[in-house]
Amino acid sequence: MARHTWPVLPADNAPFALKHNGDMNFSEISGQEHMKAPLRRAVHDGRLAHAILLLGKSGQGLLPMGLALAGYILCENRSESDACGHCNACRKIEKHIHPDQHFTFPVVKKEKQKDPPLSSDWMEEWRQALNEDALMSYNDWLQRLNAANKQGNITARECQEIVRKLNMKSFEAGSKVLLVWKAELLKKEGNRLLKIIEEPPEDTYIILMAEDESELLNTILSRTQVYRLQPLSDEDILQHLVGKEGMDEGRARELAYLSEGDLARALRLASESESGMGDAFRQWMLMIARSDWAALLDWINEIAAKGREWQKYFIRYGLHFFEEALKAGMSREYKARIVPGYEKLSNFLNEKMDLEAYENAVRLLEDLHYHIERNAYFKVQLLNASLRLRDVIIERKRIRPEALIR
Ligand SMILES: [Zn+2]
């Protein structure tokens, strides 16, 4: 396993992270030339399969690839390499409002909703997500729905809706395209789509996007033409970071190396290092270990002055650090993932904490996160959590759940 030289970050999101947005054309997608070329040729020659499965990680550009392909199909004036970007269709596609471009993605029920939810219930959030972060992970998306602890779903009702929509005439007298993001969440409901996948109505294209092939129904797999994304090369990521984010080359090269071919990860790492979260967390633990309450009060004022999103992410960073430290104590492989500069803290936490202490610490941070979400008195909560973390980590006190902050 590659040695990381940066703390491994929560996969689940970075609200203020550098975002990968607006890149909905083939030419704007980093790398993946092996896939773009055959897709372009197939569309251009009019022999694209009607049911396509794109497989890859979100951070490799899965969603942008699906969007680029849909746009290329619907463009009224495409070249051999890309959509034109100017025609009537392209202008609508850019805003994700083309009436013949349909989206299905996992959702949760809205508040007080009785019927099983449809993707269209969350269309506004979806469009915003596409504009802001087309490399978002599934967890990023759930956070946007305020559903971080829930499971999203593609419902049976949604599948019926798909069949209904695709059987209608196209609005603009051209092709119809359905994009299904996280197609693995169709689960057994996917069987409802077999017929339409096998024999789609005329001029209708179904583009399924999935990260986990093993979760897909075989009946779906066998009826689609599969295209696989690859991890991006260091060079592709470097080019993106330097060319689009304006990062200096040395730093971009380091991040490219650490990102394991995942552009979303590279952007997250960049944001984290800029935001100083690792340093802040180390400082916090140090003050707690030393019972340096005067310094802690100053520090709390600093943290309280940061935005709520930063604070929430900081707590999640802390949770992730605890988890990584715990794993590092159990296996050499994980130990190698802890970064120079952070091994001491990781070792220290490991010496001090057993599994129960970890659980208590995690519970404390989760409570803190809960209170930030609800805009409670942050400074008081942070001080309270700090004192209790000291009990848990340093004094090795056992805390009964009901004695926790909440
Ligand atoms: Zn066009």
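Helix H10 is followed by Glu-260, which has a positive phi, near 55°. Helices (DSSP runs of H or I, at least four residues) and strands (DSSP runs of E, at least two residues) are numbered from the N terminus. The model is predicted, and local features need a pLDDT of at least 70, side-chain atom pairs count only at pLDDT 80 or more, and totals for chains, interfaces and linings use all residues. Residues are numbered from 1 along each chain as its sequence is written, and side-chain values use heavy atoms, with hydrogens and water left out.

pLDDT is the predictor's confidence in each residue, on a scale from 0 to 100. Its average over the protein is 86, and 90% of the residues score at least 70. Residues 1–22 stay under 50, although the model has 92 contacts for them beyond four places in sequence. A contact means heavy atoms within 4.5 Å. Where pLDDT is low, the predicted coordinates should not be read in detail.

The protein has 18 helices and five strands. Of its 406 residues, 52% are buried. Buried stands for under 20% relative accessible area, exposed for over 50%, and partly exposed for values in between (1.4 Å probe, protein chains only). Among contacts with a separation of 6 or more, 74% join residues 24 or more positions apart.

H10 spans residues 249–258, and its buried residues are Ala-252, Leu-255, Ala-256 and Leu-258. Viewed down the axis of H10, these fall within an arc of 165°, so they line one face of the helix. The arc is that of the directions from the helix axis to the C-beta atoms. In H16 (residues 343–352), Leu-345, Ser-346 and Leu-349 are buried. Their arc around the axis is only 100°, which puts them on the same side of H16. That buried side packs against H12, H14, helix H17 (355–373) and helix H18 (378–393). Lys-344 and Glu-351 are exposed, on the face of H16 turned away from its buried side.

Rings of Phe, Tyr and Trp (its six-membered ring) pair if their centres lie within 6.5 Å; planes under 30 degrees apart count as stacked, over 60 as edge-to-face and the rest as tilted. By this rule the protein has 17 aromatic pairs. Phe-281 and Trp-284 form one that is edge-to-face, with 6.2 Å centre to centre and 75° between the planes. Both residues lie in H12 (residues 277–290), and being three residues apart there, they are separated by about one helical turn. Trp-284 also pairs with Phe-314, here tilted, at 5.8 Å centre to centre with 45° between the planes. Because Trp-284 belongs to H12 and Phe-314 to H14 (residues 308–330), this pair ties together parts that are 30 residues apart in sequence. Trp-284 is buried, at 1% relative accessible area, and Phe-314 counts as buried at 1% relative accessibility. Ring pairs link these residues into a cluster that includes Trp-299, Tyr-317 and Tyr-358.

Two buried residues illustrate contacts between separate stretches of the chain. Ala-70 is found in helix H2 (residues 62–74) and is buried, with a relative accessible area of 0%. Leaving aside neighbours within four places in sequence, Ala-70 contacts Gln-101, Val-177, Leu-179 and Ile-207. Glu-189 sits in the loop between strand S3 (176–181) and helix H7 (194–198). At 17% relative accessible area, Glu-189 is buried. Not counting residues up to four places away in sequence, Glu-189 touches Ile-154, Thr-155, Ala-156 and Cys-159. The C-alpha atoms of Glu-189 and Gln-160 are 9.7 Å apart, for a separation of 29 residues along the chain.

The ideal angle for four tetrahedral donors is 109.5 degrees. Cys-87 counts as buried, at 11% relative accessibility.
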